[in-house]
Amino acid sequence: MDIDEGLVAGHLQELRRGTVVLACLTRLRTPDYGYALLGSLDALDLQVDANTLYPLLRRLEKQGLLTSEWNTAESRPRKFYRTSPAGDDLAATLTADWDRLTASLHRLAEGELP
């Protein structure tokens with residue numbers, strides 16, 4: 001039985017949605033600007049659309065999970081983002097839960113039942 005491609009795409013999108021937040025908080029422990037962040041996430045096989053990333057960065061900044069500052073030293077001003085201490089704390093919490101969920105899913109896949 002073949003699974004509808006649209007159905008698969010929708011579930012994959014749901015699965016990946018929260019991972020983008022964790023990826024950004026983790027990656028931005030080293031300051032970077034949006035376009036470079038897109039490239040580094042893509043290099044890690046974490047494809048994120050620019051139309052998704054930029055609103056996310058603004059939301060995380062508004063929530064106090066990222067800080068930002070403009071670099072005007074180059075010919076084109078760029079807004080650099082960095083994970084805040086609150087963002088580091090959230091990333092640690094999300095990573096711990098991710099690790100717990102991954103271990104549980106592996107046990108289920110191996111046929112372990114409670």
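A crossing of two helices is called right-handed if the near helix is turned clockwise from the far one by less than a right angle. That term is needed at the first stop of this tour, which goes through a predicted model.

**Helix 1 and helix 2**

Select residues 5-27, which form helix 1, and then residues 34-43, which form helix 2. Two packed helices are described by the angle between their axes and the distance between the axes. Here the axes of helix 1 and helix 2 come within 11 Å and cross at roughly 110°. Helix 1 is therefore roughly perpendicular to helix 2, since angles of 65 to 115 degrees count as such. The crossing of these two helices is right-handed. To see the contact, show the side chains of Ala23, Cys24 and Arg27 on helix 1, and those of Leu37, Ser40 and Leu41 on helix 2. By type, the residues of this contact divide into four nonpolar, one polar and one charged.

**Inside helix 2**

Stay on helix 2 and select Gly34, Leu37, Leu38, Ser40 and Leu41, which are buried. What covers the buried residues of helix 2? The cover includes helix 1, strand 1, helix 3 and strand 3.

Now pick Ser40 by itself. Is Ser40 buried or exposed? Ser40 has a relative accessible area of 19%, so it counts as buried, the cut-off being under 20%.

Move to Asp45, in the loop between helix 2 and helix 3 (50-62). Most residues other than glycine have a negative phi. Asp45 counts as exposed because its relative accessibility is 58%, and exposed means over 50%.

Strands of a sheet pair through backbone hydrogen bonds.

Zoom in on strand 2 and strand 3 (residues 78-83), which pair in the antiparallel sense over six bridges. These two strands form a hairpin, with six residues between them. Two pairs can be picked out along it. Ser68 stands opposite Tyr81 of strand 3. Which residue of strand 3 is the bridge partner of Glu69? The partner of Glu69 is Phe80.

**Ser84, the last stop**

Finish at Ser84, in the loop between strand 3 and helix 4 (85-109). Is Ser84 buried or exposed? With a relative accessible area of 5%, Ser84 is buried. To see what Ser84 touches, select Gly64, Leu65, Leu66 and Thr67; residues up to four places away in sequence are not counted here.

Technical notes: Residues are numbered from 1 along each chain as its sequence is written. This is a predicted model: local features need pLDDT of at least 70, side-chain atom pairs count only at pLDDT 80 or more; totals for chains, interfaces and linings use all residues. Side-chain values use heavy atoms; hydrogens and water are left out. Helices (H or I, at least four residues) and strands (E, at least two) are DSSP runs, numbered from the N terminus. Buried means under 20% relative accessible area, exposed over 50%, partly exposed in between (1.4 Å probe, protein chains only). Two strands pair if DSSP finds at least two bridges between them. Contact means heavy atoms within 4.5 Å. Axes are lines fitted to C-alpha atoms, for helices over the stretch in contact, and angles run from 0 to 180 degrees between N-to-C directions. Angles under 35 degrees count as roughly parallel, over 145 as roughly antiparallel, 65 to 115 as roughly perpendicular and the rest as oblique. Ala, Val, Leu, Ile, Met, Phe, Trp, Tyr, Cys and Pro count as nonpolar, Asp, Glu, Lys and Arg as charged, and the others, Gly among them, as polar.
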